[in-house]
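Please read the following walk through the model with the structure open beside the text.

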Amino acid sequence: MKIHLTFVSVLLLAFACQNSNTKHVVEEEVAETVVISHLPDTSYPSVAKYIKYRIDTLDTEKSGYIDDLSDQYADAPGYFTFRGAPDRSAPFKGRVTGRPSKVIVDWIFRTPYDTVKTYMGSWGGGTGWTGQPLYVNWPDSLVEKFRNSPSQLTEDFSNEEIMVASLARNVYFIDFQTGKASREPLSTMNPVKGTISLDPSLNGRLYVGHALPMSTIGALVLDLFKHETLNFFGRDPEAWRSWGAYDSSPVAVGDFMIRPGENGTIYKIERFADDFKIHSTLRYKDNGGAGGMESSMAVYRNYGYIGDNHGKILCVNLDNLKPVWVHDIHDDTDATPVVQEEDGVPMVYASCEVDKQGGYGYSNFTKLNGLNGEVVWCQSIPCRKRDWAGKVREGGMFSTPYIGRGDCDSLIFTNFCFPEDHPNVSEFVAMNRYTGEIMYKNTMDFYAWSSPVGFLNEDNELFIVTGDIIGNIYLIQGRTGEVIFKEHIGDNFESSPVVIDSSFVVGSRGTQIFKMHLE
């Protein structure tokens, strides 16, 4: 299957500028295509070693083959899913001038605080883990369409909009420039702590997953034009695990939306112009039963990568949902894997928590060959659990790693909770992504689940922003690890930020959503 790739046109046009006599030849060559091949439909012995699975095809009339392997988010006017791309690489275009010295709060949007008691306590408001906001810069044509539809817009609605789901049982819509509500909130019935996902086709569908039940638990699709719930999918009687939450952020691949569930099922959903339905499902289990998936799936071509709470990293052929390989990472894995191509081979970065290992164990930060699951390197970080506020908190990695850019393109950054060196806090760690060598570690004031994000200046110097669970924001020089700025700003930054130019938007637990910028 052939796809037009932008970089081919760019190279040909550059050649044309050097030699104007080639104009007609170049115009013909631009129409040429480059083949993006499907990765092989195979299954390695690790699949039979670790799991048993069942694939159910509900729509037998439509092939599940993914005709279009292009990244549908690459040209989207904003960031529509967790970490902004199918490979979860956070391709945010963070830019600053010179060397930033501080972080400034531009506005604060406040959600209600939900005091309803559940068997798991009160969940309040603001945002939880992973809780990344979405950013959209709507085309003028869609702004006009919204204005002529029952979309409950406020007078502050404009092209630039932030969308974020809250523990207060609503999705909130915020004008990016002013911080005021851009439309009325949409009810989600239950608290949401994961990252919502906007369909990149710009059809106005917003995919939302519940965190726990106050009413019937499940997954929703919201229609932003009609400002209502378009579809609700409750408990799945065929699921091999009974817990029906959906923290994972769905991702669009070809004509399908892939939605993993905490019920041990991966759903492949057909996306039509005016409808959608489940095409097929993958259900799997190991010796301990079905593993729920709280991480989001990372995608490279037709392969999807995801971790579960039984300590398995699973690679799935999205054409038919058949498992390709399984890696045992030895503990609950909530952090989302990240994929980066190296010499034509997808490399997968993932790590686990210290949960099922007991009070002490290892967060096994691992680089895997995405084609066959072979280990390239593994850095085992000793971590522990900790009692805090009457609850046991697991150690290890909850944040999604950030692959460096600019002068840090050989590095990968992440946060580890309760490491052996500093068992009451977290460490911000930079590693060489080719060798796994730890380049430096910074001790944070408390533990950190929020994912790091990056900003480049005109000299290609990278600056990292990350938060911790007691509300500190850190600004770090990527190459050296120097903490340039640290300040207590919010209540609890366990959510991950979205980056727009020199600004970022991030929610905290409590009631607050912040827009900040580097200065």
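Strand β13 is covered on both of its faces, with A219, V221 and D223 buried on one side and L220 and L222 buried on the other, where buried means under 20% relative accessible area, exposed means over 50% and partly exposed lies in between, computed with a 1.4 Å probe on protein chains only. Because five of the five residues of β13 (residues 219–223) are buried, this strand is largely enclosed by the rest of the structure. The model is a predicted one, in which local features need pLDDT of at least 70 and side-chain atom pairs count only at pLDDT 80 or more, while totals for chains, interfaces and linings use all residues. Residues are numbered from 1 along each chain as its sequence is written, and side-chain values use heavy atoms, with hydrogens and water left out.

Strands of a sheet pair through backbone hydrogen bonds, in either a parallel or an antiparallel sense; here two strands are said to pair if DSSP finds at least two bridges between them. Strand β12 (residues 205–209) pairs with β13 in the antiparallel sense over five bridges, and R205 stands opposite D223 of β13. Strand β14 (residues 228–233) is also joined to β13 by five bridges and runs antiparallel to it, with T229 in β14 as the bridge partner of L222. The hairpin of β13 and β14 has four residues between the strands, and in this hairpin H227 takes a positive phi near 55°.

Four strands form an open sheet in the order β19-β20-β21-β22, with antiparallel pairing; its edge strands are β19 and β22 (322–328), each of which pairs on one side only. From one strand to the next the twist averages 20°, where axes are lines fitted to C-alpha atoms (for helices over the stretch in contact) and angles run from 0 to 180 degrees between N-to-C directions. Six bridges join the antiparallel strands β21 and β22, and V316 stands opposite P323 in β22.

K312 forms a salt bridge with D286, the closest N and O atoms being 3.1 Å apart, a salt bridge being a side-chain nitrogen of Lys or Arg within 4 Å of a carboxyl oxygen of Asp or Glu. This pair links distant parts of the chain, since K312 is in strand β21 (residues 312–317) and D286 is in the loop between β18 (276–285) and β19 (298–300), 26 residues apart; both K312 and D286 are buried. In the whole structure, 22 salt bridges are found. Among them, D114 and R169 meet at 2.6 Å, N to O, and link the loop between β5 (103–110) and β6 (125–126) to the loop between β8 (160–165) and β9 (170–175), 55 residues apart. D114 is buried, with a relative accessible area of 10%, whereas R169 is partly exposed at 25%. Salt bridges also link R54, D56, D236, E238 and R283 in a network.

The structure holds 22 aromatic pairs, counted when the ring centres of Phe, Tyr or Trp (its six-membered ring) lie within 6.5 Å, with planes under 30 degrees apart called stacked, over 60 edge-to-face and the rest tilted. One of these is the tilted pair of F418 and Y447, at 5.0 Å centre to centre and 55° between the planes. F418 lies in the loop between β32 (411–417) and β33 (426–432) and Y447 in the loop between β34 (438–443) and β35 (453–456), so this pair ties together parts that are 29 residues apart in sequence. F418 is buried at 0% relative accessibility, and Y447 is buried at 2%. F418 and Y447 belong to one aromatic cluster with W388, F398, F446 and W449.

C378 is in no disulfide either, the nearest cysteine sulfur, that of C352, being 8.2 Å away. C315 is buried at 0% relative accessible area, while C378 is partly exposed at 40%, and a search of the whole structure finds zero disulfides.

Terms used: Disulfide = S-S within 2.5 Å. Helix = DSSP H or I, 4+ residues; strand = E, 2+ residues; numbered from the N terminus.
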